[in-house]
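Good morning, and thank you for coming.

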Amino acid sequence: MEAGVTAKVRHSSETRNPESGTRVLRCEQLTLDYITPRSQTHAVRHVSLEIAPHSFAGIVGPSGSGKTSLLYLLSGLKTPSGGAVYVGDFRYSDAPANDKIDFRRRHFGFVFQQPFLVPYLTMLENVLVPAHDHHEPADMEYAQELLDELGIAALAAKFPNECSGGERVRASIARGLVTRPEFLFVDEPTANLDLATGKRVMEVLCLQRQHGTLVVVTHDLEMLSGADVGFRMRDGELIETFRP
Ligand code: ADP
Ligand code: MG
């Protein structure tokens, strides 16, 4: 990681939850089947893995191997067909819907493959959408710092349709980081970026480890140079756990 990046962005040591940042993310025999009248896809098959607190885990594999499906299961955006996801001792995947929503809001952050920005909010306002209080000066300042680190500070007052696809992706990355979540789930952050911008984005994403765990899906191994652990998927199965 570039030393300057760490030094420039200030990070509050506040913890919104006493357990925050100390919990293992774990799944056991996780399975996801997509069943339609015409086909049946076993997108994730009996995957068991464990991700240590404050670590950076990468999920790699060819297109269609189940990376996004696994990320959505781990982050609770999809309900498994079988198996379970645990955050510490909490069996998150089977919790009642309201508990899940509340837990997700308090502890999880997401960066989807498509940036999904709100068209009538500025780039800065989009970053602040998940912040607990949009007018909190500390959040505002942090959002601006993140835009700066991502090289798009000058676009803060622009609307998404005035920005390029890669710039919108970077705004969505700042939006994922702004709440300092205990777990940040990121799907293919560098897919639409040039190599230099991709590396810069990964450096900024790595700052997440000061607050919690970072889980990144990518098909580009080079983006995992700072990762603690890699999980390789093929045909829905976890075929290898490796040290990137
Ligand atoms: P990856 O992210 O590695 O490209 P995905 O998790 O998106 O893989 O997909 C895994 C498999 O599940 C693929 O065969 C894909 O076609 C299938 N799949 C993904 N989403 C759906 C869906 N909503 N309905 C049916 N099949 C799906
Ligand atoms: Mg995918």
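This is a predicted model: local features need pLDDT of at least 70, side-chain atom pairs count only at pLDDT 80 or more; totals for chains, interfaces and linings use all residues.

**Overall fold**

Among contacts in the chain between residues at least 6 apart in sequence, 70% join residues at least 24 apart; two residues are in contact if their C-beta atoms, placed from the backbone, lie within 7 Å. Residues are numbered from 1 along each chain as its sequence is written, while chains are lettered from A and ligands numbered from 1 in the order in which they are written.

The chain holds seven helices and ten strands; these are DSSP runs numbered from the N terminus, helices being H or I of at least four residues and strands E of at least two. The radius of gyration of the chain is 17 Å, close to the 18 Å that the globule rule gives for 244 residues, so the chain is as compact as a globular protein of that length. That radius is taken over C-alpha atoms, and the rule is 2.2 Å times the number of residues to the power 0.38. The C-alpha trace spans about 45 × 40 × 35 Å along its principal axes.

Of the 244 residues, 41% are buried. A residue is buried if 20 or more other C-beta atoms lie within 10 Å of its own, exposed if 12 or fewer, and partly exposed in between, with C-beta atoms placed from the backbone.

**The open sheet**

Let us turn to the strands. Four of them form an open sheet in the order β2-β1-β4-β5, with antiparallel pairing; two strands pair if DSSP finds at least two bridges between them. At the edges are β2 (40-51) and β5 (90-91), each of which pairs on one side only. Strand β1 (residues 25-35) runs antiparallel to β2 and is joined to it by eight bridges. The two form a hairpin with four residues between them. Within β2, Gln-40 is the bridge partner of Ile-35, and His-42 stands opposite Asp-33.

**Ligand 1 and helix α2**

Which element gives the most to the shell around ligand 1? The answer is α2, with three residues. Both β2 and α2 (67-74) supply at least two residues each. The residues around the ligand, namely those with a C-beta atom, placed from the backbone, within 6 Å of it, include Tyr-34, Thr-41, Ala-43, Lys-67, Thr-68 and Ser-69.

Eight of the eight residues of α2 are buried, so the helix is largely enclosed by the rest of the structure. Among them are Lys-67, Leu-71 and Leu-74. Just after α2, Gly-76 takes a positive phi of about 80 degrees.

**Two contrasting residues**

Leaving aside neighbours within four places in sequence, Val-215 is in contact with residues including Leu-71, Leu-74, Ile-51 and Phe-183.

Pro-119 lies in the loop between β6 (108-111) and α4 (123-128). Why is Pro-119 classed as exposed? The reason is that it has 8 other C-beta atoms within 10 Å. Beyond its neighbours within four places, Pro-119 is in contact with Phe-159, Pro-160 and Asn-161. The C-alpha atoms of Pro-119 and Phe-159 are separated by 6.6 Å, although 40 residues apart along the chain.
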